[in-house]
Amino acid sequence: MKSKLFVLFALCFGLFYKTQAQTTISMPANDQAAAPVISKYIYSHFAEHLGRGIYDGFYVGDTSKIPNTNGVRNDIIAALRKMKIPALRWPGGCFADTYHWKDGIGPKDKRPTMVNRWWGGVTEDNSFGTHEFLNMCEELGADPYLSANIGSGSVQDVADWVQYVSTNTKNPMSDLRKANGRDKPWKVKFWGVGNEAWGCGGNMSPEYYVNEFKKYSTFMTDWSNSDGIFRVASGANVADYHWTETLMKNIPKSLIEGIALHHYSFVEWDTKGSATQYSEDQYFKTMKRALFMDTLVTNHSAILDKYDPRKKIALVVDEWGGWYDVEPGTNPGFLYQQNTMRDAMIAGVTLNIFNNHADRVRMANLAQCINVLQSVILTNKEKMLLTPTYHVMEMYNVHQDATLIPLTIKSDAYVFGADKLPAISASASRDKDGVVHVTLVNIDPDNVHKISLNLGNKKFTAVKGRVLASAKVQDYNTFDNPEKIKPVPFNDAVLKDNLINITMPKTSVVVLTLN
Ligand code: AHR
């Protein structure tokens, strides 16, 4: 009887509290004088004219019953401000190289329509244009990042756009802006010079794109870039290192401030699978692709280092996130998907990767902000919900503009079949008030993991934490139960001398504050 009871106890204990060997994480013994600042722009977002991202997402129009400011939903403005959205990329994506900005200014009833050929073939009425976007950015407290059309536009159009939004000196474009009701320029710093030029942006070779880039980039400003604009070259598709090499070798440094990289996480491109009903095999494959971001950033950065050892040019990961099948019954061209704890895992590990590469990655834009791909917010008529990804972004905002504390991580494994991944991902920073934050992710859906965090020579008297977790990795927030998943206080981090012992729940994200 006794032995039966023991087996039962061992089974239950194993089921509910199965732990692995310990992960060790160490802060450096001494502060690193050369440690980079984690640019707040790593926490930026992306909003394309795609599906319900802009219309019926951000923008409901100023006659809507949904409370709004100049047509933009107030609940969205409040949530994104709370999350501390630092910058927003617009109007695409693939849409950007079909977009003619002059169609989106002036009286709305006079604006021409167009067909959004990439995304659902719907009519775009241009009611949300340059003024609406830039005014919305002001409401959000976010810097705008405009993606210029070099695929089907002209050099003159792009040069005019820069003048229209940023200059005060009298010229036809500043006059036009004033005539359209905006006296002061907005001053737009970030500019994408095309998007995915290797694909929807014109199917160009890197050699051809280099010449296009140089031409556009030259006429976007003057000899010395006195406008202070930040020109981002359309970057590589995932691991196309030849693309990065060709651009870095041939574009003069006086013409470029950033180079992009796009990488999405999915099971397989052709069989992405459901956003919510996925197997552990599909989960594992998605996480493997998400963690591949580290290899991509390392390898693209090595090419940048070769041509730009002083790290003047930023790596801008201006599209990343999870990409799955659309929700059943929705328009396949609208890319509307739910958002589970798998997405929280992708967000947590990816942001840790970017933080740890802060010397080169100085902007990143999650795709996409609202109702499209890995969104932080989903809307349904007047209802709105914050996704698990939102909560990760909000928990991690403590790293914005803080100084990186490089960590040495020896992670225990998340084993699936014959394959394995590091179970634990982490990054740390010290903010301007001297407060240290550590963000941790346990991607293992089967096991709790124990972590021993060595604080080096740093002395702390208190540790506080918040955790995002749920019973199953497939869990998500719904419009009927929008707060099923949200951060709660975390009490499983125990400080003793210069060590913190942490017990990470399965598939969880934790942020620790060390005073
Ligand atoms: O984010 C959706 C699409 O993915 C973007 O329009 C394009 O740039 C990328 O291929």
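Predicted model: local features only at pLDDT ≥ 70, side-chain atom pairs only at ≥ 80, totals over all residues.
Let me begin with the interior. In soluble globular proteins, nonpolar side chains tend to be buried together. Here the largest nonpolar core has 146 residues, and those with the most contacts inside it are Phe58 and Trp320. Among the elements that supply this core, helix H8, residues 280-307, gives the most, with 11 residues. Domain 1, which covers 19-34 and 406-514, and domain 2, which covers 40-401, both give residues to this core, so it lies between them.

If you look at phenylalanine 58 itself, and leave aside residues up to four places away in sequence, you will find that Phe58 touches a set of residues including Ala47, Val72, Ile76, Leu80, Met136, Leu140 and Ile370, and also Arg73.

Now to the ligand. Among the residues that surround the ligand are Phe46, Glu48, Trp119, Asn195, Glu196, Glu319 and Trp323. As for polar atoms, a backbone atom of cysteine 94 is 2.8 Å from an oxygen atom of the ligand, and an N or O atom in the side chain of tyrosine 264 is likewise 2.8 Å from a ligand oxygen. For glutamine 368, a polar side-chain atom lies 3.0 Å from an oxygen atom of the ligand.

Finally, the hairpin. Strand E18, residues 413-416, pairs with strand E19, residues 419-422, in the antiparallel sense over four bridges, and tyrosine 414 has leucine 421 in E19 as its bridge partner. Two residues sit between the strands, and in this hairpin glycine 417 takes a positive phi near 60 degrees.

Note on methods:
Residues numbered from 1 in each chain as written. Heavy atoms only, no water. Core = buried A, V, L, I, M, F, W, Y, C linked by side-chain atoms within 4.5 Å. Buried < 20%, exposed > 50% of the residue type's maximum accessible area, 1.4 Å probe, protein only. Domains from an automatic or database assignment. Contact = heavy atoms within 4.5 Å. Pairing = 2+ DSSP bridges. Near = heavy atom within 4 Å. Polar contact = N/O pair within 3.5 Å; in protein donor to acceptor, adjacent residues only side chain to side chain.
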